[in-house]
Amino acid sequence: MMNELQNLEQEKSVFRYGGLSGLLGVILFLVAIFASSVLVGTDPPDLAGWVTRFPDIQMARVIENLTYLSGLVLQVPLFLALYVALRKTNLAGALFGSALGILGLGALVVSTTPHVAHAKLADLYNAAGTTSADQASIALMWQAVWGMIDMMVAIGFLVIPLGIFVLGAAMFSAP
């Protein structure tokens with residue numbers, strides 16, 4: 001009897017921390033959006049403007065990306081808590097839904113660090129002696145980095161809702 005009470009309290013603790021983690025993650029997402037719109041401002045109209053402006057907004061982008069990354073990492077305990085909650089009534093739905101959700105979060109985590117590549121490209125672009133042809137090539141490389149990042153965002157935005165859908169379907173069999 002005591003062991004069952006301890007297990008129940010531990011599960012409640014998992015649910016509590018998972019839910020709190022998910023809420024804090026959403027708050028950090030909102031902070032990242034706010035930081036992006038206030039600290040970074042509007043996007044330049046041309047591709048070269050992105051590269052030339054980057055050194056001025058690099059720290060704001062780092063803050064934005066780290067806040068977004070923290071929000072993503074805080075969503076993992078939410079998916080794990082949902083797994084724990086649903087595993088007894090629908091193990092397959094709990095397992096696959098949580099796995100898809102965490103996989104989608106992983107794809108989004110990869111997309112949080114474009115400033116690492118962009119910092120190097122901006123340094124090359126703004127270096128003394130860089131020709132206009134080199135600058136045009138660097139601007140295209142900048143665009144290619146964004147393309148890869150956008151691909152990971154698209155994968156995350158497709159896979160996470162799929163995981164949530166599977167978890168939602170698993171909830172129908174839960175008490």
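Mentor: Helices (H or I, at least four residues) are DSSP runs numbered from the N terminus, and axes are lines fitted to C-alpha atoms, for helices over the stretch in contact, with angles running from 0 to 180 degrees between N-to-C directions. This is a predicted model, in which local features need pLDDT of at least 70, side-chain atom pairs count only at pLDDT 80 or more, and totals for chains, interfaces and linings use all residues. Residues are numbered from 1 along each chain as its sequence is written, and side-chain values use heavy atoms, leaving out hydrogens and water.

Trainee: Why is α2 called roughly antiparallel to α4?

Mentor: The axes of α2 (residues 47–73) and α4 (residues 91–110) come within 10 Å and cross at roughly 170 degrees. Because angles under 35 degrees count as roughly parallel, over 145 as roughly antiparallel, 65 to 115 as roughly perpendicular and the rest as oblique, α2 is roughly antiparallel to α4.

Trainee: Which residues of α2 and α4 meet?

Mentor: With contact meaning heavy atoms within 4.5 Å, Tyr-68, Leu-69 and Leu-72 in α2 meet Leu-105, Leu-108 and Val-109 in α4.

Trainee: What is the span of α4 set against?

Mentor: The expected span is 1.5 Å times one less than the number of residues; α4, with 20 residues, reaches 28 Å from its first C-alpha to its last, close to the 28 Å expected.

Trainee: Which residues of α4 are buried?

Mentor: Buried means under 20% relative accessible area, with a 1.4 Å probe and protein chains only, and the buried residues of α4 include Gly-97, Leu-105 and Leu-108. What covers the buried residues of α4 includes α2, α3 (76–86) and α6 (132–171).

Definitions and conventions
Helix = DSSP H or I, 4+ residues; strand = E, 2+ residues; numbered from the N terminus. Buried < 20%, exposed > 50% of the residue type's maximum accessible area, 1.4 Å probe, protein only.
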